[in-house]
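Biologist: Hi! Could you walk me through this one? I'd like to start with the charged pairs.

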Amino acid sequence: MNLFRFILAALAAVGGILLAIPLALLSFPFWIVAYLTRKGCRFFEAPSVPWDRMIEFESTVGWKPKANLDVYSSFVAGVFHWKTDAHGWRGNSSIEQSKVLIFGDSYAFGYAMDEEELFTDQNHQLCMKGIGAPGYNMVQSLLWMQKLSPYLTDKLVVWFICISNDFYDNLQLNMQGYKSPFLRRINGSEEWEIVTSHLSPMKWLYNEDRDQARMRKGRYVAAFGTSPLTERAYSACEFLLKQGSALCSASGGKLVVMTVPHMAQFNAADWEKTVSRFGDPKLFNRDLPNERIREICQKLEVPFVAGSSHLQLQDYILEDGHWNARGHQRIAEVLGELYSLHMNKSGKENQAIRVGSRILQMSQTTG
Amino acid sequence: MVTLPPLRPAALKSFWLVISIGLGLLSAFCIIRPVSIWSFSIGAIVAAVLTFAGTHWPRIVHKPYRLYNVIACQISRYGSLIVMGICFYIVLVAVGRKESTLTLARPLALQSLWVSRQPLAQDAYKNQHPIVTNNPPSQSWIPAFCSWAVRSGNVWVCGLLPLLVLLSLFSDEQDNAVPADLYTLF
């Protein structure tokens, strides 16, 4: 019987293949060109190293970039070159030398940008250091602030909040299978605690496809929605900002919070198209993250900067979502302005720092 | 895939080099008759001129690249629809004429059809299917597919193989919308 079924399938397949031959002949030249183009890319860009060879397990924050790297990584829009110092952080300056420390995720890391155009090294008058890694949530940023608290004295501490995912990821115990610290309510109360007891090099096993879909929707609902998840997310965020503010004050550093907008927020049509995947667009408020974080920062007396006031869609790599060279330049300028605004230096030094990027011309003022 | 990789400098250079060489060969074989050493020389000159132009004025490559990808996307879209239609409406309909091998278990009175779950070892979560192939991990899915077909007693699905290969050539992983999700961590 199986043989009969096989013969039937073979005959039907022969007929189907004969029908598909014209289509195959038409598409063959396109396939050849696409195949050769992909293969040829290897001659025009450096070979990239997989991510899991560039990060290592870290017992309190889950993972961090390896130290002393000089590698190329591929991403959806190409390949970028990056290096790390003896502690695993990018940038030419050391933590001790830097006057501005930026805590965050892949934006603080400078994902998708070559070393030469990293925002931390654009201003020659102001040493800056990014403390971040792709995939980090705000809990991990806070834990790094705690670990590096002796180095926060007399420094400007800028905390990047990635609007598109931080609020949700703060409540998740894994990031795509890698166990991460997260926030949990204490015994059903309104108080929060940081959980790190589950951290290990073992992968968190889960149904990846189902989790990815749930995660994408959860991130948008948490940041822009009107559900109980949104309230939990912002309550957790307030806890973290309160902890960070207290830590910086105790260490003698000056905390500034800055939100990093998602590309879809810049254009109403893109916004509506993006959120309509997750439900009725009327249930999502594009400006909610800035409004809520501003309220929290006002309560905590922490300066707040809405990134959307300084960035545009042209500052982003459209296929990827991270900043391009222009975006890094813009962020460097913003950080320079924040430093001169908040760290109370002399007028001459203030101006030098404010315009100290490579592109802008410096103007020297007397006394 | 018939579509080109996402727009980036290396992809533009590679694409233009392929097109230049292709047009050079076309010139050598088609435009100049009979084919001789002269026709190959002309073809080489055509390829060199185009490559030089693309290298020194990379902007001229952007529009052909995008146009090419638009056409390739349409071919990919309609091609995959046609191939799937052939699979479902010709091959599977023909095979469906033969009755199914699915046999239903009819329980006796008071007999339970409950089957207790056999928990998998942690390592086995990488492959949760009960039919485990002994093939070493490889980049091609074809040996695994054939192995599964033989082991599961569904050898007839091998008749679909040429059509599945054609379908894989039409797969398009590009998404032109603003990415809803950001991370490319791993």
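Modeller: Happy to. A salt bridge here is a side-chain nitrogen of Lys or Arg within 4 Å of a carboxyl oxygen of Asp or Glu. Arg184(A) forms one with Glu193(A), their closest N and O atoms being 3.0 Å apart. This is a predicted model, so local features need pLDDT of at least 70 and side-chain atom pairs count only at pLDDT 80 or more, while totals for chains, interfaces and linings use all residues. Residues are numbered from 1 along each chain as its sequence is written, chains are lettered from A in the order in which they are written, and side-chain values use heavy atoms, leaving out hydrogens and water.

Biologist: Thanks! How many salt bridges does the structure hold over all chains?

Modeller: There are 11.

Biologist: And is Arg90(A) buried or exposed?

Modeller: Buried, with a relative accessible area of 3%. Buried means under 20% relative accessible area, exposed over 50%, and partly exposed in between (1.4 Å probe, protein chains only). Arg90(A) forms a salt bridge with Glu115(A), at 2.7 Å between the closest N and O atoms. Glu115(A) is buried too, at 9%.

Biologist: What about Lys299(A), which residue does it form a salt bridge with?

Modeller: Glu238(A), with the closest N and O atoms 2.7 Å apart. Lys299(A) lies in helix 8 (residues 288-300) and Glu238(A) in helix 6 of chain A, so the pair ties together parts 61 residues apart in sequence. Helices are DSSP runs of H or I, at least four residues, numbered from the N terminus. Lys299(A) is exposed at 58%, and Glu238(A) is partly exposed at 24%.

Biologist: Changing topic: how many residues has the largest nonpolar core?

Modeller: It has 70 residues, and those with the most contacts inside it include Phe103(A), Trp159(A) and Phe167(A). Such a core is a set of buried Ala, Val, Leu, Ile, Met, Phe, Trp, Tyr and Cys residues joined through side-chain atoms within 4.5 Å. Its largest share, 9 residues, comes from helix 6 (residues 228-251) of chain A.

Methods
Helices (H or I, at least four residues) and strands (E, at least two) are DSSP runs, numbered from the N terminus.
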